[in-house]
Amino acid sequence: MDFNDEHKKPSRLKGFSYQGYHRYFITIRSYKFRHYFTHGDVVTKIVEILRGVAKQRDFGIWAYCFMPDHLHLLIEGRDAHADMRRFVTLFKQKSSYWFKSVHGKKLWEPNYYEHVLRSDEVTMAVARYIFRNPIRKGLVEGYSTYPYLGSFELEDIHNL
């Protein structure tokens with residue numbers, strides 16, 4: 001995934017509906033790579049919005065991690081009609097609306113990156129990858145001390 005190419009539009013899989021019981025690894029960049037996700041009040045509100053949209057659109061959130069300038073998600077459709085594209089669109093709309101009304105700024109880049117997990121890709125391995133991102137980027141020594149990650153599905157993420 002090349003975050004340096006601001007103008008490249010991610011391609012979607014041809015012939016894939018993005019609906020149903022699928023798992024996705026999603027990355028959404030902040031507008032112009034701004035470091036909006038370093039403040040607890042911003043992240044707390046966006047997590048609240050994420051929880052509401054997940055419930056409304058029938059998605060489970062296995063993992064989320066707010067890096068300073070982007071968000072990683074591991075999501076799973078919980079219904080035959082769960083539509084990933086609509087989920088991401090609604091999440092971005094609601095969080096953008098809140099952010100603009102409070103901070104007067106754009107929150108997200110127009111697009112996002114997604115990877116549809118194949119059957120051979122273990123959910124927990126992808127969750128671990130997401131949770132360990134702050135370690136790889138040198139933000140913390142252990143992900144259990146990073147305040148901007150979590151799961152709505154897993155009770156104890158600190159032993160992954």
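A residue counts as buried when its relative accessible area is under 20%, as exposed when that area is over 50%, and as partly exposed in between (1.4 Å probe, protein chains only). The model above is predicted, so local features need pLDDT of at least 70 and side-chain atom pairs count only at pLDDT 80 or more, while totals for chains, interfaces and linings use all residues. Residues are numbered from 1 along each chain as its sequence is written, and side-chain values use heavy atoms, with hydrogens and water left out.

Let's start with the rings. Rings of Phe, Tyr and Trp (its six-membered ring) pair if their centres lie within 6.5 Å; planes under 30 degrees apart count as stacked, over 60 as edge-to-face and the rest as tilted. That rule gives 12 aromatic pairs. Tyr18 and Tyr24 are stacked because their ring centres are 6.1 Å apart and their planes lie at 25°. Tyr24 is buried, with a relative accessible area of 0%, and Tyr18 is buried at 1%. Elsewhere, ring pairs join Phe37, Tyr64, Phe66, Phe91, Trp108 and Phe152 into a cluster.

A charge sits over a ring if NZ of Lys or CZ of Arg is within 6 Å of the ring centre and within 35 degrees of the ring normal.

| Charged end | Ring | Distance to ring centre |
|---|---|---|
| Arg51 | Phe152 | 4.0 Å |
| Arg136 | Tyr129 | 4.0 Å |

Now for the sheet. Strands (E, at least two residues) are DSSP runs, numbered from the N terminus, and two of them pair if DSSP finds at least two bridges between them. Five strands make an open, antiparallel sheet in the order β4-β1-β3-β2-β5. Tyr64 has Gly150 in β5 as its bridge partner.

How values were computed:
Helix = DSSP H or I, 4+ residues; strand = E, 2+ residues; numbered from the N terminus.
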